[in-house]
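Here is a short briefing on salt bridges, helix packing and backbone angles. Please read it alongside the structure.

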Amino acid sequence: MKLSNSGRAKGPQLKGNAKSDEDGGIGVSLSTPESVQKLQTALHDKAKEAPNFRFYALYDKVYRKDVLAFAYECCKANGGAAGIDGQTFEDIEAYGKERWLDELAQELKNRTYQPLPVRRVYIPKPDGKQRPLGVPAIRDRAAEMAAVLVLEPIFEADLQPEQYAYRKDRSALDAVRQVHKLINTGHGEIVDTDLSSYFDSLPHAELMKSVARPQRTGRSKTGP
């Protein structure tokens, strides 16, 4: 999936690979299936042309076979350790990937799906401190990625061209290049700020309210 947006007047180009930015992106390079590209493009175009449009019944897109299958492939290509259940990609392939995906899709469809606890590990930081890292189970990574594939094109339409973090085809290096360009065109002041341990203190309740804000997502009679 190639999602780039250089400004609000131009939509993302949903025609390439699923790629990561630096620090927490998807981390893979896969060709997005045509059916998934078509869905993403339709969602983005609607969000772009009607900023106040309220999307209904997105939930069934998350467990759609092509979306869930591509989400799994993104997770597999990104690698990573097993979650708290100890299940690896090798275990899934041995069990039968299609069977595993069908079972996950049924749980999502029947609303019996429950995410597992996240396995907590710590990795050393250059300053000697430790950075906490959560490792979800692969089933939860796949479900989360499926949700990203559906929701990202909608919220991408709201983002400003100055925003670089956690966006497709954008990275910290791209931001540095833009700063360098601005310096060379007469902008002489730079403000460098950082939020300490932001993800440790993120107000999740407020975040979820923002994600579910009325003009973007809603619940229908048949699904969220």
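In this predicted model, the side chains of Glu93 and Lys76 form a salt bridge, with N and O 3.2 Å apart. Glu93 belongs to helix α4 (residues 89-95) and Lys76 to helix α3, so the bridge ties together parts 17 residues apart in sequence. The structure holds 10 salt bridges.

- Glu93 has a relative accessibility of 34%. That value lies between the 20% and 50% limits, so Glu93 counts as partly exposed.
- Lys76 is also partly exposed, because its relative accessible area is 36%.

**The Arg167–Glu156 bridge**

- Arg167 and Glu156 form a salt bridge, and their closest N and O atoms are 2.5 Å apart.
- The pair links distant parts of the chain, 11 residues apart.
- Arg167 sits in the loop between α6 (138-156) and α7 (172-184), while Glu156 is in helix α6.
- Are the two partners buried or exposed? Arg167 is buried, with 2% relative accessibility. Glu156 is buried as well, at 4%. The cut-off for buried is under 20%.

**The Arg177–Asp174 bridge**

- A salt bridge joins the side chains of Arg177 and Asp174, at 3.1 Å from N to O.
- Both residues lie in helix α7. They are three residues apart, about one turn of the helix.
- Arg177 is partly exposed, with a relative accessible area of 49%.
- Asp174 is partly exposed too, at 23% relative accessibility.

**A salt-bridge network**

- Which residues are linked in a network of salt bridges? They are Glu107, Arg139 and Asp140.

**Packing of α3 against α5**

- Two packed helices are described by the angle between their axes and the distance between the axes.
- Helix α3 spans residues 65-78 and helix α5 spans residues 97-110. Their axes come within 10 Å.
- The axes cross at roughly 120 degrees. Angles of 65 to 115 degrees count as roughly perpendicular, and those over 145 as roughly antiparallel. The two helices are therefore oblique to each other.
- The crossing of α3 and α5 is right-handed.
- On the α3 side, the contact is made by Lys65, Leu68, Ala69, Tyr72 and Glu73.
- On the α5 side, it is made by Lys97, Glu98, Trp100, Leu101, Leu104, Ala105 and Leu108.
- How many residues of this contact are nonpolar, polar or charged? Eight are nonpolar, four are charged and none is polar.

**Positive phi angles**

- Most residues other than glycine have a negative phi.
- Ala57 has a positive phi, near 55 degrees, and is a residue other than glycine.
- Ala57 is placed in the loop between α1 (34-49) and α2 (59-62). With a relative accessible area of 22%, Ala57 is partly exposed.
- Arg111 has a positive phi as well, near 60 degrees.
- Where is Arg111 placed? Its place is in the loop between α5 and β3 (119-124).
- Arg111 is partly exposed, because its relative accessible area is 41%.

Methods
Residues numbered from 1 in each chain as written. Predicted model: local features only at pLDDT ≥ 70, side-chain atom pairs only at ≥ 80, totals over all residues. Heavy atoms only, no water. Axes fitted to C-alpha atoms, helices over the stretch in contact; angles between N-to-C directions. Helix = DSSP H or I, 4+ residues; strand = E, 2+ residues; numbered from the N terminus. Parallel < 35°, antiparallel > 145°, perpendicular 65-115°, else oblique. Left-handed = near helix turned anticlockwise from the far one by under 90°. Contact = heavy atoms within 4.5 Å. Nonpolar A, V, L, I, M, F, W, Y, C, P; charged D, E, K, R; others polar. Salt bridge = Lys/Arg side-chain N within 4 Å of Asp/Glu carboxyl O. Buried < 20%, exposed > 50% of the residue type's maximum accessible area, 1.4 Å probe, protein only.
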